[in-house]
Structure formats: C-alpha cells, structure tokens
Amino acid sequence: MGSPRAFGVGSFVLVLLAGLALAQGPGWVDDERLEAAVQEPQNWLTYGGDLGGQRYSRLDQIDRENVRRLVPAWIYQMGPAGVTQTHPLVVDGVLYVTNAGSDVSAIDAATGEELWRYDHQMSRPVSGERNRGAAVAYGKVFVATEDERVVALDQRTGEVVWDVKVPPFDASHLVPEGVEPPGPMAYNFRWAPLAYDGKVVVTATRFEVNEVDSQLLADAVARGEDPGVAWINANLGRRAFVAALDADTGEEVWRWYTTKEGDWTGDFTPTAYDGTPLDRDLEAERALTERYGLGWAAGSASPWQIPTVDVERGLLFVTTGNPAPGYIDLMRPGDNLYSDGIAAISLDTGELVWFFQESPHGIYDMTTQNVLFDLEHEGRTVPALASCGKSGFCYVLDRETGEVLFQTAAVVPQENMYTRGTPEGVRAAPGSLGGVGVSALSFDPTTGYLYVEGIDQPEIRRLVPVPGAPHLFETTTESIPGESRGTVTALDLYDGGKVVWQVVTEQPMTGGTLVTAGGVVFAGEQNGRFNAYDAATGELLWSFQVGGPITAPPMTYEVEGRQYVAVASGAAATRTQRGGALLVAFALPLD
C-alpha cells in the first residue's frame, strides 16, 4: 500500500470551493467565471461578452459559408412597446433580458419559453422609457431602472431580494442665500449594471440638457438677474455619477462624480486632441469663470456606458458625455472636467486614476463602451483600450497611463465639426447625434479589427444671442433633409486604425455589432433589417426583416450543440412606425 497523500490547507480550500460550486449548481456566476468568460463561448455572461468588452465569440458553427441559411428559431414577445435597446445574457441555458420598462424575464434559451418574469412598477412617471440590460452574478439578477433604483432579483425565481433608490447629488449646501433650493434632480439608470468584485456598478444618466428653459431665462432678465446664474441655481444637483453598491445588500460602497468639484475649468485648452482648433471664446470664458463658478454642480457629463474592467490593475474604465448646458457654452467656462472623455477609476475606492478628454469644453460625447486588448506598439506589448465617440474618431490608449497611442481614421464624414455656429448658419458634421452613438463595439483579437457603427447626419448650426443677456450666445441646430444615413466600418487597430472596409446603410446605425470566430459580423438597422457581413471584406452575406426597428446590439450563445444569434427589436408606435418589442433568436435549420 502506498503512503498517504499530503493534504495541506491550500488543498482543503480548493476542495471546499469546488464543493460550494457544486452545491450552488448550474447558473451560479462568480468572479472567477466572469474573469474567464471568453472560455465559455456557449454563454454570454456580461454585457460586453467579457469584462473587457470585446464582444467577440469563439463560436463558429454559424460561419460565412452557411450564415445565409439562418432562420428564426424562436420569438419572445417582450411586452410594453418602447425604445428597445436591451442586451440579453445567457447563463447555462437560461436567457435573461430586460424590456423598455425595466421588467426582467428569464427564458429558456433553446425554446424561448418564459421561466419567470419580474414586472417593475415605476415609482414616478418616466418618459421615453428604455433599458439596456441586466447583470447576473452571485445567484442574483441585477437591473438598474429608469426611476433611479437598483433591484436585485433571485436568479431562480425572479423574486425581489433587495430594492434601493440611489439619491442624486445633494447640492443643498451650495444654494446661495435668498435663493429657493431646487428639488431633488430626477435622472435615469439606463445601462446594464456591471456585477463584479462583490459590487454592482451603475452609471447615472439623463442629467444632460442642451436647450435652456427660455422662460427661466426671460424671468431672470425681467428680475434684473444674470440668466446664467439663475439657470445654474435652478439646476444645482444636475451632476452625473458612477456608483458601486454592495451586491449582497444594495448599500452604496463608493461614488465618483463626472464633474470635477469646485474647479472644472482645466487649462482652457484651445484645441482638440489632434490639434484641430476649438471654436471657443477663451477671453469671454475667463471673464465669466467666477460668475459661473457653481457650474460644475449643474454640469451633467452623463456616463453613457457600462464600464469595462482591467482585472489585473483593479481599474474600471468609463466614458463621459457632454457638459450642461450644451448649447449656451459660456455659462460653463473652461474645459468642463471630466466631460467628453475616458476615465480610469479604482475598482476598490472609486477614486480617479487618470482622465483623457477628447473634446474640451464639450462638443462631442465619448459614447461607447471601452474595449480592452493587448497591442504590439513600438516594440513592446501595451495593455490598450479602444473607445469611440460622437466626433467619429476612435482612440487607442495605454490603459495604465491614459496616454493616447493613436487616433483612428474617422468612420463618418467630418466638416466644421467643432464650430459653435455663425449668425448665418454653417454646415457641420457629425451632427448632434454623432459620429458614433451608444452602439456597442466589437473587436476580433485574431485580426485586430474593430467593428464600429456610425451616424452620418450633418446639421446647420447657428449662433444666436440670448435675449436680455448680451454676453451669452446659444447654438441652435437644424437637420438637413435627405442627409441621414449610417455606416458600418472595420478599423484595423493592429495597423494604426486604418479603414479596412465600410458599408453605408439607409439610416443611422445605433445598436451595435457582434463578431464571431465564424468570420461573421452581425448588425441591425432601424428599418428592421438584421444583417450579417463578411468580417474580412464587409460583403453582405444575409439579411432578415424582423418587422421593427433594431437599435439593440446582437449576441450569440450555444445550447446543446446548437448556436443561436439573438437580437431585440421594437420601438414606441408612431404614425410611420409600428410598435411592439420582440426578442428574436436565429439558428441554422435542424436538418
């Protein structure tokens, strides 16, 4: 008989953890599974497919040769009609999806049969409802809602485990004497939460405002007050943030605000990153800095995406949007930190580590989820990050330092892009919607190709004086009839971000792309067409009309050896557009 095996403390811990995993059973998602999500192509565990947001699937059953045979495998009626931008998750054969009203459904991923449903009851009226997905971890499904709540549901039953309302910034201590304090600032949670490290990270949005209430300005002028000061005082608390909650209790762990407290003016930077002059009246801005010194507390800068995670470095990366008020820029003198850029913040504490600002003083939001990858650059392997914005440019940064490695080619036409406008009106592109909107990017690490949806929608900008305030000017925008289309572009990030191929679509693209090991890129259009392109050439390989607008990103998964591709469709009904919300799963025929 051989000698007995040594059994140390480390071995005991491993056996104990394995036993716990078995006891928890299928469907249990912990940090280890999230970190190794790319090793589970049959599942889709987090919004970006993995914590780094690459949205690349190793599944290859559906490929460029057979994709033309795709047919609907099942259709799920999601319920209330609304702007349908949701992203499903799949864990061990169960699909979890939200709808526009922040309801959550658990569905058999092979058949589309509903297993349970959580019907969210709004605590206040909400206009333009939409929700972009859930998170699954630690036996719970997390949803962040339009009425400022984060809800944790039991993953097996859909029953509420906890439900917390997250308060906005409290600006009561900033209200000047004699001024009526504004009420709590209403906002929305719209993006899917990020569940990781025992936390649920959420991004608070809808703080942004471009046009200023003209009646408020007129009333201030009539009272002999500075209308800019009056607007700021009425909007104290309009300050976006990223917050981390304890996944077990919902208690807030930390919060990072997207406007820099006290001094958000920065260096009064005269150019964009690439040296293009910004149309700024720096002299006027400096003269108004003290007068509008509380602008940071009303400055918005909504984070428009779910963060991505650098596990090794303990960093979260988040993009930020425009400062407020967008169209009367002299009411917010300076660079308006930390708007229109990319922030790296500590996963543990929420403290800022570095910040890159693409567009100082606010013209174009940074809008996409950051994509993490490794890049061979100048003889060394760099931990890199790719992100795109409404300017139509994408940027590749060193994610340790925030240094820009390069700016890619533009994915849409550009013209007078940073102009504030002229009294006569000037054509500018990209327009207010972008560029690149909130569409999800996808990245193929085997080729270095980044797949980006674009919005080619130029506009006319005019600069007009604000009545009763000769020191203030407002930019107005006007669409140009017949000039609205979209693009799908492949950029080679292993070769400086050059364009490999591009296709032009009838309407702006606002959902997102998916790339698979089968050599296929999937993307949907607002006209209802769901398309498959050759990932190497951009050739259209297949198209299916789902019957409603697609403004959601597709995803893929596998159950019992069969690969599916799923996408949500739908919008609120209008005179020219049908309503309804569907989730459609496609697969190859069973023959």
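T205 sits in strand 13, residues 199-205. Strands are DSSP runs of E with at least two residues, helices are runs of H or I with at least four, and both are numbered from the N terminus. With a relative accessible area of 0%, T205 is buried. Buried means under 20% relative accessible area, exposed means over 50%, and partly exposed lies in between, using a 1.4 Å probe and protein chains only.

A word on what you are looking at: this is a predicted model, in which local features need pLDDT of at least 70, side-chain atom pairs count only at pLDDT 80 or more, and totals for chains, interfaces and linings use all residues. Residues are numbered from 1 along each chain as its sequence is written, and side-chain values use heavy atoms, with hydrogens and water left out.

Now step to either side of strand 13. D197 lies in the loop between strand 12 (194-196) and strand 13. The phi angle of D197 is near 60°, a positive value in a residue other than glycine. D197 is partly exposed, at 29% relative accessible area. In the loop between strand 13 and helix 3 you will find R206. R206 also has a positive phi although it is not glycine, here near 70°, and R206 is partly exposed with 30% relative accessibility.

V209 lies in the loop between strand 13 and helix 3, and V209 is buried at 19% relative accessible area. Which residues does V209 touch, not counting those up to four places away in sequence? They are W231, R238, A324, P325 and G326. Two of these names, A324 and P325, are joined by a cis peptide bond with omega of about -5°. P325 itself is found in the loop between strand 17 (315-319) and strand 18 (341-346). Another cis peptide bond runs from A429 to P430, with omega near -5°, and P430 lies in the loop between strand 24 (426-428) and strand 25 (442-444).

Next comes a pair of helices. Two packed helices are described by the angle between their axes and the distance between the axes. Helix 3 (residues 214-222) and helix 4 (residues 227-234) pack at an angle of about 125°, with their axes 8 Å apart. That angle makes helix 3 oblique to helix 4. The axes are lines fitted to C-alpha atoms over the stretch in contact, and angles run from 0 to 180 degrees between N-to-C directions. Angles under 35 degrees count as roughly parallel, over 145 as roughly antiparallel, 65 to 115 as roughly perpendicular, and the rest as oblique.

Which residues make the contact? Helix 3 brings L216, L217, A220 and V221, while helix 4 brings P227, A230, W231 and A234. Helix 4 is largely enclosed by the rest of the structure, because six of its eight residues are buried. These are P227, G228, A230, W231, I232 and N233. The buried residues of helix 4 pack against helix 3 and strand 28 (469-479).

Finally, look at the charged side chains. The structure holds 36 salt bridges, each a side-chain nitrogen of Lys or Arg within 4 Å of a carboxyl oxygen of Asp or Glu. One of them links R124 with E148, the closest N and O atoms being 2.5 Å apart. R124 lies in the loop between strand 6 (114-118) and strand 7 (135-137), and E148 in the loop between strand 8 (140-144) and strand 9 (149-154), so the pair ties together parts that are 24 residues apart in sequence. R124 is partly exposed at 23%, whereas E148 is buried at 6%.

Another salt bridge joins the side chains of R380 and D398, at 3.6 Å from N to O. R380 belongs to strand 21 (residues 380-388) and D398 to strand 22 (residues 394-398), so this pair ties together parts that are 18 residues apart in sequence. R380 is partly exposed, with a relative accessible area of 40%, while D398 is buried at 2%. Salt bridges that share partners also join D310, E312, R313, D374, R399 and E400 into one network.

Note on methods
Contact = heavy atoms within 4.5 Å.
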